[in-house]
Amino acid sequence: MNPNVKIFITIFCYISAVAGLLTSVMDASHKPADTTSAIVAGVLGVAFLLGGIALTRKPRY
């Protein structure tokens, strides 16, 4: 994979993770709490976070 594309996708994953986790917290903190969308946003945020971490790891040989 082209290093520039990999860096772009990694940055996109981290930004999406932060946005997803913040959306999850904001949805859960409202009264009444919108738990379904909070859970979905949280799961997507964690998935993007794990994707970003996986892309930044150095390969083991």
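**View 1. The buried residues of helix 2 are Ala38, Ala41, Gly42, Gly45 and Gly52.** Buried denotes under 20% relative accessible area, exposed over 50%, and partly exposed the range in between, with a 1.4 Å probe and protein chains only. These five residues lie on the same side of helix 2, because they cover an arc of only 100° around the axis; the arc is taken from the directions that run from the helix axis to the C-beta atoms. The buried residues of helix 2 pack against helix 1, where contact means heavy atoms within 4.5 Å. Turned away from this buried side is a face with the exposed residues Thr36, Ile39, Val43, Leu50 and Ala54.

The model is predicted: local features need pLDDT of at least 70, side-chain atom pairs count only at pLDDT 80 or more, and totals for chains, interfaces and linings use all residues. Residues are numbered from 1 along each chain as its sequence is written, and side-chain values use heavy atoms, with hydrogens and water left out.

View 2. Helices are DSSP runs (H or I, at least four residues), as are strands (E, at least two), numbered from the N terminus. Helix 1 has 27 residues and reaches 39 Å from its first C-alpha to its last, close to the 39 Å expected at 1.5 Å a residue. The expected span is 1.5 Å times one less than the number of residues in the helix. An unreviewed UniProt entry lists residues 7-26 and 38-56 as "transmembrane region"; its positions follow the numbering used here, feature names are shortened, and annotations may be inferred rather than shown by experiment. Residues 7-26 are 100% helix and 0% strand, with end C-alpha atoms 29 Å apart. Residues 38-56 are likewise 100% helix and 0% strand, and their end C-alpha atoms lie 27 Å apart.

**View 3. The buried residues of helix 1 pack against helix 2.** They are Thr10, Cys13, Ser16, Ala17, Gly20, Ser24 and Asp27. Thr10 counts as buried because its relative accessibility is 8%. Apart from neighbours within four places in sequence, Thr10 is in contact with Gly52, Leu55 and Thr56.

**View 4. A polar contact of 3.4 Å joins the side chains of Tyr14 and Thr56.** A polar contact is a pair of N or O atoms within 3.5 Å; within protein, one must be able to donate a hydrogen and the other to accept it, and residues adjacent in sequence count only if both atoms are side-chain atoms. Tyr14 is placed in helix 1 and, at 31% relative accessibility, counts as partly exposed. With neighbours within four places in sequence set aside, Tyr14 is in contact with Leu49, Gly52, Ile53 and Thr56. The C-alpha atoms of Tyr14 and Ile53 are 8.4 Å apart in space, although these residues are 39 residues apart in sequence.

**View 5. One aromatic pair is found in a search of the whole structure.** The ring centres of Phe12 and Phe48 lie 6.0 Å apart with the planes at 90°, so the pair is edge-to-face. Rings of Phe, Tyr and Trp (its six-membered ring) pair if their centres lie within 6.5 Å; planes under 30 degrees apart count as stacked, over 60 as edge-to-face and the rest as tilted. Because Phe12 lies in helix 1 (residues 3-29) and Phe48 in helix 2 (residues 35-56), the pair ties together parts that are 36 residues apart in sequence. Phe12 counts as partly exposed at 45% relative accessibility, and Phe48 counts as partly exposed at 30%.
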